[in-house]
Amino acid sequence: MKRLVQTLPCLSVALVASAQTAPLQVPPIQVSLPEPQTLDLRQVQATALLPGEHRDPARLEAVQKAWEPLLRQVDGAAGVRLLLPAGPERLQLLLAASQALRARNPKLRLYVAYQPELSPLMDELAWGAVDGGALLAADLGADAERWRNLLTQAQNTFPGRPWFLWVPTDPGARAAQLLGDGGRLVLPTGGPGAKLAQELPPGYTEVEGGLGDLTLRKRSTGEAFRRIFQNGQWISAPLPKDRHEVQVQDQEQYDLGALLARVRATHLRDKSALRTVRALVDVNIHVQAEGGGGDLGFRFQGFEKQGEPEELLRKEVRFNGVKANLSESAQLPILESRTSAAAPVALTLTERYRYSDGGPAGPGKRLLRFEPVDNDPLLFEGELTVDEASGRILREQSHRSNLPGLVRSERRDLTYGEPLPGHWRVMRIHTAERWIGTGGTAQVLRDLDYSDFRINDPGYDEALSAARASSASILQNTPDGYRYSVKQADGSRKLETKATSRIRAVGGVLLVQPGSDLPIAPLAGYLISDFNALDKGIQYNFLTAVVFNAGSVMVPRAFLGLDFSASGALSIFGGTDRPVKDGKQLDKDGVQRRSQNLELGLGRDLGAGFRLDLKGQFQHNAFSDPKEDKYKTPGFLNPPSGWTRLGGAGLTWQFEGFHLQGTYLKGLRPDGSYGAPGDVQAVPDQGRLVRWDTGAMFDHELAKGVWFTANVGHAGGEGFDRFQPLSFDGRVSGIKPYAVVADRMTYGGFNIAFPTGPNLRLTLGLDHGQAHSLTDQKTYGFTGLKVAGDLPGFWWFTTIRVDLGAGLQSDVKGVKTVNGMISFLHLF
């Protein structure tokens, strides 16, 4: 009993250590194990050995070369002892050394040296980077009575792993004390401890020890045996029957640090095996926006070489799934979030992340969670799925939010695989980015797929030289994102310092608008757009066709963290507004209307996909007599022209393919009267207006390149009349905008976009709406067909787009129509 009481403090230390980390499957006593070689890192230039920016391949290559002479010093060693500097870079240098040494030799045993002058290293990542600490014979000295105190001091400096003692002589009865205190012994041959080591069955790693009394247990079964030291030998003794057991129950924590160290070393080893890589890289970008989306696709020949930045030779561009007629050297804007294609964040050897165990992810798999330790919005948080045996990353899922600039949040999913036997790398990258633009919020889905690999191909340099000598566009991956490598007059290439963000286009547009001044109007237009003007994230679009002009601008975080936006349209076109009565559009009381629009907004992200926008809408209506005599009514009093001003707020929520929105606006229109002689009426409610609407949209890829989109909405308000009703414009295809003087409206529809071949992508859709008429208090239904086609450009044009709407059914006669546009664009 007395001996049990003496061993309780030692037992509690061992139990605490085993609760913090999974037990190492190392025998508590080993014999004649050579002392580890020492790698002294105290005088090295730490900055040369730390990777820093992990997207800079030249930097990573330089770091590997800097490690090479240090690694050669310990080549062939079964164990290495690390002497670390005292500076703030100690932890990162330890992690980098662990990664470099184990990438070179996965079976290498790593230890930290006993350095009592340094502050304790209490980080679990450091504990997992090595197998333990090493007290060599020179550290211990010849006085065996000091060994126990030295072990305690060493454990205080590095408590998360066992300390191995290379004792110069057999400690005899003190061996049980040292083992009970949590130490591991390496003994010389010929002594009683060496003989005991030969008797130890495997798996007995749980130790209880006091002076001359040693009990070993097997954790998995609870089996135990006891040895006592008598007459200079360890002899068998029965387990005590009359004893007070102290049982500590605690859920054993997963050895996260050790797994993370294995993952880092494996990743470096796999990366080093890929000296050169050639592969096809398909990039597909899909935009999900409130007012409609689109697709942009690229095919590149990718070139990757150790120490050099990745280069992408553009082979093909696709607009909405159809190959574009584009010159090889044309530079399209680079739509990317700065670090979408970055390596997994957990491999940066940085202290800016904390890690935690996410539990099992399937047989032989584990989840490693990570999150930033500060509030830097550029840092990701998420989890890695890793293979426990190999340390290979199978998948990374991560996200970040509250980003500066246009991209406000991002989710990404990286999938790893084996392109060729024995090689491992990322195979697919999927990102979902939430963008703030001039038209509201949009989600940008991006897929990068790698295929047709040629790894360590002897023809790599020749193929890369041919690519650089061609006239095709080449993108280079830099720490700040992709940049164009532009061919110069002398045949060399120069890397641009800024990302290309501007696009310009000219072309012809054929407008089909029955009922307008020009039912079929051929127009020529010029478009310029930039999503990062002045390198400040300012986005603008401007379109002019002389008779019709439209523009928008968005300045992120312009005032008190609020985004400012402005958009407007100016047109000399007008149309004839005719009244509807008893379900028929009348051929009298016609009024010519020409409208100009301006909208201002201040918006702020609220988090979790929500956004609040304060809005101001201004519409100028100019009313006059119709140009068609058949619609004129003699003496008809036109409504007052002037500005309609509305203000309010809108709330949106967007996640994956879902988009919800609601808007409430209130304001004034010009007050006055209008109508035919004998039927003059006043503007309702002295010009006061209230408008509100809600809507939902869902966008989903049914198969590769096949997109299904559905939407539903409801709108209403107060103060409406014939000249300020709700409009079907953009809601039901092929129906004239003011088919009914409506004060309530419900609408919805769906469309499917699908490729029919390399030269045509079709979009077919069906719309339906119900409108409540102010005129007769009846509800009317309307149905329209949407047909759109994308075709390759020919001659001078880059691409051709056809958008048509055809009315299929209407409860009101005379409002079905066929309208739309055909555009011929040349991008430059």
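This note goes through the predicted model point by point, from overall dimensions to single residues.

1. Basis. The model is predicted: local features need pLDDT of at least 70, side-chain atom pairs count only at pLDDT 80 or more, and totals for chains, interfaces and linings use all residues. Residues are numbered from 1 along each chain as its sequence is written, and side-chain values use heavy atoms, with hydrogens and water left out.

2. Overall dimensions. Along the principal axes, the C-alpha atoms fill a box of roughly 130 × 70 × 45 Å.

3. Surface and burial. The protein exposes about 38,000 Å², and carbon and sulfur atoms supply 55% of it. Areas come from the Shrake-Rupley method with a 1.4 Å probe; for residues, only the protein chains shown count as cover. Of the 828 residues, 50% count as buried. Buried means under 20% relative accessible area, exposed over 50%, and partly exposed in between.

4. Secondary structure and contacts. There are 11 helices and 46 strands. Both are DSSP runs numbered from the N terminus: helices are H or I with at least four residues, strands E with at least two. Among contacts between residues at least 6 apart in sequence, 58% join residues at least 24 apart. A contact means heavy atoms within 4.5 Å.

5. Seven strands form an open sheet in the order 1-7-6-5-4-3-2, with parallel pairing. Strand 1 (29-31) and strand 2 (37-40) stand at the edges; each has a single partner strand, so one side of each is left without a neighbour in the sheet. Neighbouring strands are turned by 30° against each other on average, direction ignored. Two strands pair if DSSP finds at least two bridges between them. Strand 3 (79-83) and strand 4 (109-113) have four bridges. L82 has V112 of strand 4 as its bridge partner.

6. Helix 7 on that sheet. Helix 7 (147-157) packs on the sheet and touches strand 5 (132-135), strand 6 (163-166) and strand 7 (183-187). Its direction makes about 145° with that of strand 6. Axes are lines fitted to C-alpha atoms, for helices over the stretch in contact; angles run from 0 to 180 degrees between N-to-C directions.

7. Helix 11. Its buried residues are Y460, A463, L464 and A467. They cover an arc of only 95° around the axis, which puts them on the same side of helix 11. The arc is that of the directions from the helix axis to the C-beta atoms. An α-helix has 3.6 residues a turn, so residues three or four places apart point the same way. The cover includes strand 12 (276-289), strand 13 (294-305) and strand 23 (474-478).

8. Two hairpins. Strand 27 (520-533) and strand 28 (538-544) run antiparallel, joined by six bridges. A533 is bridged to I538 in strand 28. Four residues lie between these strands, and L534 in the turn has a positive phi of about 60°. Strand 28 also pairs antiparallel with strand 29 (548-559) over six bridges. There, Y540 has V553 as bridge partner. Three residues separate strand 28 and strand 29 in their hairpin, where V546 takes a positive phi near 70°.

9. G491. This residue sits in the loop between strand 24 (481-487) and strand 25. G491 counts as partly exposed, at 32% relative accessibility. Its C-alpha atom is separated by 65 Å from that of R184, 307 residues apart along the chain.

Conventions: Buried < 20%, exposed > 50% of the residue type's maximum accessible area, 1.4 Å probe, protein only.
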